[in-house]
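Hello,

Here is the structure we talked about, ready for you to open alongside this message. My notes on what turned up in it follow below.

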Amino acid sequence: MTGLEENSSLPGPGPDLIIGTDFPHTGPEGDRAAFAPNAFIRIAADNTVTFIIPKSEMGQGVYTSLPMLIAEELGCDWNSIRVVASPVGKEYYHTWRPMMNTGGSTSVRSEWERLSFAGAAAREMLIAAAAKTWKVAPSTCHAGEGRIIHISGKSLSFGELAPLAAGMEIPETVSLKRPGTGNFLGKTVLSLDAPTKVSGTARYGIDVRLPGMLTAVIERPPVFGAKVTAFDAEKAGSVPGVRAVVQVPSGIAVVADGFAQAQKARKLLKVTWDEGTGKDLSTSLMREEYRNLASRPGTVARNEGDPGGAFASAERTIEADYEVPYLAHACMEPLNATAAIHDGLCDVWVGSQSQTRDRDFAAAITGIPSGKVRVHTLFLGGGFGRRANPAADFTSMAAEVARAISQPVRVIWTREDDMKGGYYRPFWYDRLRASLDGKNRLTGWRHTIVGQSIFAGIPAAAVMVKDGIDITSVEGASDHPYDIPNILVDLHTTTNPVPVQWWRSVGHSHTAFVVESFLDEVAHAAGKDPLVFRRELLKGMTRHLGVVDLAASKAGWGTPLPPGRSRGIALAESFGSFVAQVAEVSVDPAGKVRVHRVVCAIDCGRYVNPDTIAAQMEGGIVFGLSAALHGEITIKDGRVEQSNFNTYPVLRMNEMPEVEVHIVQSTEAPGGVGEPGVPPIAPAVCNAIFSLTGKRIRRLPIRPEELKQAPAGTGQGKRP
Amino acid sequence: MITLQVNNQEYEVDVEPDTPLLWVLRDTLGLQGTKYGCGIGQCGACTVLIDGEAVKSCVRPVSLVAGKAITTIEGIPLDHPVKQAWITGNVPQCGYCQPGQVMAAVGLLQKIPRPGDEDIDKAMAGNICRCGTYQRIRRAIHAASAMKEGEKR
């Protein structure tokens, strides 16, 4: 069986071996690998092949897809593979970024070359060892099923060859297999980690248990930016099992033997807060402010042709305001981290998307040099961007408490802490205008965007904010693929104390809804079928057209549906991939929307595991549908009004549509798959609602009360 | 001292009677397959079987389950049709909710051996999956149900 273990049991290079990596944690003597050709591969004498994976597994399947990249070249036996999380080290940094990071739908794209070459180099060294043993030419040998096989038929296992292979020279150049000639790439492979996950033995951050470890919860500011002025811990401290109540920079930490005692005591804590100006914050006031800003010119993100002229000479103009709310990531595993300070070291156990940041923040908080901070990566119970926090907030809290009490401590956030404390996808307000000429051609497009920057004020702003424009504020809006002669897109970047962060698909979760919905409005205004209208504006955009046509044909666009149902289509290019979705919906008399079926077409170039892609599309659609149908964080008197899944509902089994995924066969460079499934679903659903009811949804989430008066089947829209 | 029957094993636990069963399982007994997700019985990550019934252990005081037969994810063998259907159906993504999903499915199939889609909607709507594996869960339940029927023949 495949073992998924944290890196403390990582086998290190053998005693005589100099190549490879100096691991902070080497396993017991008997577990040492005989062959360690590079930072990613260990082969033991018992034929166990260990892959050291530099990306965090959060459900996107990297503990299967990245091993497939290595195995394709190495020719190992799939059943002998163990996967371990890499420690923090430069050799495990993102190949595009100077840090350890799992995000931006980049894992397969950014590791394809590095891991393929790692596998190929190891294979060549094993072949060299076998050739030397047999005194034959290396070209007469090949690798397969964990053995090196000579053309004569004789073979040696990887384990048998490992000690000798360790002495072979690392080849300077290796050639990769021709696409389609290996055993893995492009084929469905079951997840390596599924057995441990269904067994309940997979270890997440929240499952860390250390000798002498305590558990802490932290009473945190009721409004953003509030400061503790006083606290009374007498009652809380008297709860059995409570070990300490201490003030830390994040709030008041209640430390106990277990979570239940800590949480029980926390409820008895009396804290007085200076709420500062945060108490005046409200989303309704913010909406007014944003709406006013939308009437004024902002910082220009794209200006092409003569937008002013196009509108001045228009036969007709269309204008609409759109709005999307703050959203919580709501990962299933509540945020948590465990820290232990000992012997001049700081150990951190955490499910993180950004371990170098965890390391650096833990170092700054504990005063221990970053070289002495060891971050151990566990499974992530969902990430969606939240676990790549710019301030490493969950790790920071564990470091704060560990420092304060000088004992190993696990800090667990309650669901309420997560929901009320942020970070969030920003709240956005948009004003869109289109001009049509006398022949109903789209001649001009104006789009003003208002909202917070997620990169402002953090180091990555140097790369992500250009000329006053946070790229992620306008992505998908300033660079949409539609051929419109005159375009103006501008941005107002607002500031307020609500903490915002990347949320699965980042800017596209907002811009695809707005652009694809408004384009649909224009299509209807021009009297054209939304599919035909899009196709006309996508001339020459073969990959966009490819997914639009594939989704439309598989969905039966234009064919009759049962009464009371309609279809909507939307398209988005994001993270190097192209996705179109057709949603089939109905609306009941109470205004409740039911999504029956979603047909999804994706072009992500060359790909590793088609079932992973299907799973990520299914997951992206559920994530986007949760937001479209239910998701909304609102603030009143400085307080977040939602607290848990009862007030922040997400999609459940009884609302799940039938989803089918079609993958375009392509030889293009690989694109991402973790995020691109999210953006098109909200506009596809809302476009279907318009087609059915004639009611345009311009503000998410979809509110049944807005659709209540629109009985099914009486729509003014054309039914595709 | 409270006596608990977990996975056919007897445990004496020295905890406050109002402690939620979830945290006794996780923190006291070290059975960490059962997960914390919401603490208010809304998400189902903490689902266990009590006398065969799927129950949310985060809102069940330990004193109320003394002496009852408690089954956790660790008590379901890996070759159980539900676990096998989950693996061959490639169901888990992040996997965090899956122990609860598996327990809810086991509870459903004990009551209704051949559930229809509406039975599945009803029995599984209390278990949230943020990764969006619902379609695969539905198929896996049908597959496990077919496997169980096969065993009987």
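**A sheet in chain A**

Four strands of chain A make up an open sheet, in the order E27-E28-E29-E32, with mixed pairing. At the edges stand strand E27 (566-574) and strand E32 (658-663), each with a single partner strand, so one side of each has no neighbour in the sheet. On average, neighbouring strands here are turned by 15 degrees against each other, direction ignored. Please keep in mind throughout that this is a predicted model.

Within that sheet, strand E28 (residues 577-587) and strand E29 (residues 593-603) of chain A run antiparallel to each other and pair over 10 bridges. If you want a place to look, A:Gln581 stands opposite A:Cys600 in E29(A). Helix H16 (residues 542-555) of chain A packs on the sheet and touches E27, E28, E29 and E32 of chain A. The direction of H16 makes about 140 degrees with that of E29(A). Helix H17 (residues 610-629) of chain A packs on the sheet too, touching E29 and E32 of chain A, and its direction makes about 135 degrees with that of E32(A).

A:Ile663 belongs to strand E32 of chain A. Leaving aside neighbours within four places in sequence, A:Ile663 is in contact with A:Ile602, A:Tyr607, A:Pro610 and A:Ile613. One of these, A:Tyr607, is 56 residues away from A:Ile663 in sequence, yet the two C-alpha atoms are 9.5 Å apart in space.

**Where the two chains meet**

The contact between the chains involves 42 residues of chain B and 47 residues of chain A. On the chain B side, the elements that give two or more residues are helix H1 (21-28), helix H2 (81-88), helix H3 (98-111), helix H4 (117-124) and helix H5 (134-152). That side of chain B divides into 23 nonpolar, 13 polar and 6 charged residues.

Helix H4 of chain B has buried residues: B:Ile120, B:Ala123 and B:Met124. They span an arc of only 85 degrees around the axis, which puts them on the same side of H4(B).

As for confidence, the model scores ipTM 0.98 and pTM 0.95. Chain B has an average pLDDT of 97, and 99% of its residues score at least 70.

**Backbone details for your checks**

Some spots in the backbone may interest you:

- The peptide bond from A:Gly422 to A:Tyr423 is cis, with omega near 5 degrees. A:Tyr423 sits in the loop between helix H11 (415-421) and strand E21 (424-425) of chain A.
- A:Leu700 and A:Pro701 are also joined by a cis peptide bond, where omega is about 0 degrees. A:Pro701 is in the loop between helix H18 (681-693) and helix H19 (704-707) of chain A.
- A:Val506 is not a glycine but has a positive phi of about 50 degrees. A:Val506 is in the loop between strand E26 (486-494) and helix H14 (508-525) of chain A, and it counts as buried, with 27 C-beta neighbours inside 10 Å.
- B:Asn7 has a positive phi as well, near 50 degrees. B:Asn7 lies in the loop between strand E1 (2-6) and strand E2 (9-13) of chain B, and it is partly exposed, with 16 other C-beta atoms within 10 Å.

Note on methods. Residues are numbered from 1 along each chain as its sequence is written. Chains are lettered from A and ligands numbered from 1 in the order in which they are written. This is a predicted model: local features need pLDDT of at least 70, side-chain atom pairs count only at pLDDT 80 or more; totals for chains, interfaces and linings use all residues. pLDDT is the predictor's confidence in each residue, from 0 to 100. Two residues are in contact if their C-beta atoms, placed from the backbone, lie within 7 Å. Ala, Val, Leu, Ile, Met, Phe, Trp, Tyr, Cys and Pro count as nonpolar, Asp, Glu, Lys and Arg as charged, and the others, Gly among them, as polar. Two strands pair if DSSP finds at least two bridges between them. Axes are lines fitted to C-alpha atoms, for helices over the stretch in contact, and angles run from 0 to 180 degrees between N-to-C directions. A residue is buried if 20 or more other C-beta atoms lie within 10 Å of its own, exposed if 12 or fewer, and partly exposed in between; C-beta atoms are placed from the backbone. The arc is that of the directions from the helix axis to the C-beta atoms.
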